[in-house]
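Open the model in your viewer and keep the selection tool ready. Each stop below says what to pick next and what is found there.

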Amino acid sequence: MQRVVKLFTLPQGDGRKDTIASLDCKENVVYIGTNNGLLQKWRLDQDSKDEDYVSRQLNQVQLKKRVVAQVITDPQWPRLFTLCDENVTVHSTEDLSRVFYITEDGGKTSPLKGCICMAVAPVYRNKHRICVATKKKLHLYNYQQDAANGQPSHFLFQVLVMPSSVCCLAFQGETLCCGYMKEYSLLNCYSGEATGLFTLHNQQPIIKSLDSEHAALCNVGNLSIRVSLKDAERKTSPASNRITRETIKWSSEPRSIGFKYPYVIGLLSDQVEIYSIYEGDIVQQLTNISGSILASVRCPGPSDNLCISTDRDVYMLVCADADSQVKQLVSKLMMTEAFDMLYRTSTGNEELDQERKQVTHVDAGFGFLFRGQPDSAFEHFAATAIDVREILVHFPELLPPNAKEEGGVLWNWQPSISSNDTSMTLEDRYIALLQDEAPPRQSQDEKESLSSNGLGASDPQLIFALEATMKQTINLLVLFMSARQESSDALQQRCMGYASLVVAINHNNKEETYKLLANRSFCDLRECAPKLEESGLSRELALLYFSKQMYPEAAQALKVNDKISTHCGEGIDCSRSTTREDLLTDLHEIYTAIESNEAEYVKRVLAADPNSIHLADSLGNTPFHHACAMSTDADNGIINDNDFMSMIGVLLNKKSDPNVQNKFGLSPLDVASKASTRLWGFIISFIEVQQLCDAIAPLKKT
């Protein structure tokens, strides 16, 4: 959680009322510009005893006695830019009294006058650049360090004439984001080509550059809209495509916006609001804070923070450290963002960074495991150096009696799965794994070593009362990790496939089950076939056999629990074809979607394959035949009736033919009349209404 700490109060000069007008930070130094032309430098240090911050003023310089409207630090060089009395000056961050003016042509001419605002760009193609706005013009300079005298040299490379004066800027790559009093636009700094974004209505434009994201936030009222500043998109994407979905909605219009990856912070009239840049969701609100300026600052310690200033006081918004932010992302299973965060917050210590990565993989593994996604869980565990003892230590219910010890500590044991018996099921292998002879108990050093690998044995949050499915999944995970240690890729694949299938079946997720079984190498017959038979999933069992090229077995499995065949009469042979081509049609996903009784799943399949609405299997049955045959289950409450009628509605709206006959002369309407008079009446009514609408349609055109 974020907190606010007061750093210092601006000292007052004799007979003057100094107030803070601008502020920027670099590393652990804060630079302040005042209303009376003072430029001050403050250093922040962290007290090792109470983790508080100690601030001290290093020096100051008096500029012209006008407001210092902007203070901007160069992110790479020891340079500081100020805007005061409509002039831009360049200072050394080491000695603020060393002052140089930005001139009109970049040479030794008079200072550039009438300056309104400025923006310093991140280094681009080894060039340091600054853009200064004057009345209806933008002046763009490259600047560098003069090796002879240490004085910064700047060179004017472009002057752009604008339709009106620019009030605020963001500058990245070749792209400028400009805020005017009435609109925002994007501008190419070389060609001057402009693209309008959106308009403003009597609002002050605010732009915050998100340098690490190659984007900027443009504020419109209480909305901050993210705009891409990537040069590659300039010629290929219209302006609307550069406005991304990450729009932040503040509770009121912000005075200032700050960015501390991965958070966007808004300074409102009486509070600070913190949003995630990934989701656009609010993370925290800090009330009773009234400020006007936000600036990022890197302080001693593990994280970047933000400075907030009022008229006279400077505070620090202490953000959560990087590892805490990574854990928050992992808890939401936002793994791309979590590992991106790890990369961006690298410590530079290879060993420490590797340890952070290992812990993140372990956290992710358990996160996916307990959310019913074992395939992702296994992949994350496989990326770690964790061994099976570090998993089992959290699940004492799964330990054999002779393996338990007070406190839940495991024995000093390295499991072995090197069995040549390929006919053994995974469950038999796991039993054999745990029945290995338990060697002597651990020494204290071994216990501490095991607990220090990212999963402390005393961590109460990972001790769960496990349901049967979860126990089975964890058993498979332990076997999977043991197989990994012995480089048994085939056994790892079996464990992952079976665990995923068990979870999908137990959650009644037919869509996920279909995807798993359609993968030839993912599910093994030895475990999966008995599980599917036990669950009564004959169509899924047929798909498993088909994936293993066992076509007669697949055809036989399809014959089991065939609801349409019960309406064909006695003595009718409803056997399926055993050819690969016919079975490929018989096992199309549309039939699985119908059996799922989920209208949305049916819609997804039809969206992917619109022609499957009229598909006929080897017996001539269409999806509508199969759906009508399920009506008895709906009438008897075996499946949800509302869901069933929704699915029937989807099929009818997609122009399913209720009169097409199968090889036994039965139409979907015939099957409905035999299975459920209620469904038959519904279909007849739907057809009559549709015919009436078709008859009226030509009259409406005239």
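Select helix 11 (residues 510-518) and helix 16 (residues 589-596). The axes of helix 11 and helix 16 come within 9 Å and cross at roughly 150 degrees. Axes here are lines fitted to C-alpha atoms, for helices over the stretch in contact, and angles run from 0 to 180 degrees between N-to-C directions. Helix 11 and helix 16 are therefore roughly antiparallel. That label covers angles over 145 degrees; under 35 is roughly parallel, 65 to 115 roughly perpendicular and the rest oblique. Helices (H or I, at least four residues) and strands (E, at least two) are DSSP runs, numbered from the N terminus.

This is a predicted model: local features need pLDDT of at least 70, side-chain atom pairs count only at pLDDT 80 or more, and totals for chains, interfaces and linings use all residues. Residues are numbered from 1 along each chain as its sequence is written, and side-chain values use heavy atoms, with hydrogens and water left out.

Stay with helix 11 and helix 16: their crossing is right-handed. Handedness is read from the near helix: turned from the far one by less than a right angle, anticlockwise is left-handed and clockwise is right-handed. Now show side chains. Lys-510, Glu-511 and Tyr-514 of helix 11 touch Glu-589, Thr-592, Glu-595 and Ser-596 of helix 16; contact means heavy atoms within 4.5 Å. By class, the contact of helix 11 with helix 16 holds one nonpolar, two polar and four charged residues. Ala, Val, Leu, Ile, Met, Phe, Trp, Tyr, Cys and Pro count as nonpolar, Asp, Glu, Lys and Arg as charged, and the others, Gly among them, as polar.

**Next: helix 17**

Pick Glu-589, Ile-590, Thr-592, Ala-593, Ile-594 and Ser-596 on helix 16, then Tyr-601, Val-602, Val-605 and Leu-606 on helix 17, to see the contact. Its residues divide into seven nonpolar, two polar and one charged.

**Back to helix 11, with helix 10**

Select helix 10 (residues 489-506) beside helix 11: the angle is about 155 degrees, with the axes 8 Å apart. That makes helix 10 roughly antiparallel to helix 11. The crossing of helix 10 and helix 11 is left-handed. Ser-500, Leu-501, Ala-504 and Ile-505 of helix 10 meet Glu-512, Thr-513, Leu-516 and Leu-517 of helix 11. Five of these residues are nonpolar, two polar and one charged.

**Then the spaces**

Which residues lie nearest the centre of the second largest pocket? Select Lys-510, Asn-561, Lys-563, Glu-595 and Met-630, from a lining of 27 residues. Helix 13 (538-547), helix 16 and helix 18 (623-629) each give two or more residues to that lining. About 590 Å³ of space lies in this pocket. Its lining has nine nonpolar, eight polar and ten charged residues.

Last, select Tyr-514, Arg-539, Glu-540, Leu-543, Leu-587 and Thr-592, which line the second largest cavity. Helix 13 gives the largest share of that lining, three residues. The second largest cavity holds about 30 Å³ of space.

On a 1 Å grid over the protein atoms alone, a cavity is a set of points where a 1.4 Å probe fits but cannot get out; a pocket is an open set with protein on both sides within 12 Å along at least five of seven lines, and lining residues have an atom within 4 Å of a point. Grid points are joined across faces, edges and corners, and a volume is the space filled by probe spheres set on the points.
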